[in-house]
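Student: Please put the chain up, and let us work through it by question and answer.

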Amino acid sequence: MTLTTAGLPATSRCTRCGQPIAWGLTLPARRRMPIDPQRRPDDDHTANILVSGDPHGSILCRVESRAEPIRDGERRYMPHWATCPATNFYDVDGTWRPRK
Ligand SMILES: [Zn+2]
């Protein structure tokens, strides 16, 4: 797939709040991750999901860490559970977990 500067293709909607979301696959575990489709500025460190392209059409991403900061070609996004106004949130495996 080609990543645009505008954001990710929103292929679903959050079942709790109805906002458009994109599904990413986290590396290296390849677990499903709901992501807000709007790209965030490279210096927005609250948006800690780093998305890279994938020739097979999946949205591959990883969680930024102090040891592995953003690299060339990665684009910064917010995990949906960080912005979802509903009372519960998605866990990294795509299931809903109660907010603690
Ligand atoms: Zn939501």
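Tutor: One definition comes before the questions: helices (H or I, at least four residues) and strands (E, at least two) are DSSP runs, numbered from the N terminus. The model is predicted.

Student: In what order do the elements of the chain run from the N terminus on?

Tutor: The chain holds 1 helix and 8 strands. Read from the N terminus on, the order is β-β-β-β-β-β-α-β-β.

Student: Where in the chain is confidence lowest, and where is it highest?

Tutor: Mean pLDDT for the chain is 83, with 77% of residues at 70 or more. The lowest mean, 57, belongs to strand 7 (residues 88–90). The highest, at 95, is found in strand 6 (residues 75–77).

Student: What is the bridge partner of Gly24 in strand 3?

Tutor: Strand 2 and strand 3 run antiparallel and are joined by 4 bridges. Their hairpin has 5 residues between the strands, and Arg30 there takes a positive phi near 55°. For Gly24, the bridge partner in strand 3 is Met33.

Student: Why does Arg40 count as partly exposed?

Tutor: Arg40 sits in the loop between strand 3 and strand 4. A residue needs 20 or more other C-beta atoms within 10 Å to be buried, and 12 or fewer to be exposed. Arg40 is partly exposed because its count of C-beta neighbours inside 10 Å is 17.

Student: What separates the C-alpha atoms of Arg40 and Arg76?

Tutor: Arg40 touches Ala47, Arg76, Tyr77 and Met78, when residues up to four places away in sequence are not counted. Arg40 and Arg76 are 36 residues apart along the chain, and the separation of their C-alpha atoms is 5.4 Å.

Student: Of the contacts between residues at least 6 apart in sequence, what percentage join residues at least 24 apart?

Tutor: The chain has 100 residues, of which 24% are buried. For contacts between residues at least 6 apart in sequence, the share that joins residues at least 24 apart is 58%.

Note on methods
Residues are numbered from 1 along each chain as its sequence is written. This is a predicted model: local features need pLDDT of at least 70, side-chain atom pairs count only at pLDDT 80 or more; totals for chains, interfaces and linings use all residues. Two strands pair if DSSP finds at least two bridges between them. Two residues are in contact if their C-beta atoms, placed from the backbone, lie within 7 Å. pLDDT is the predictor's confidence in each residue, from 0 to 100.
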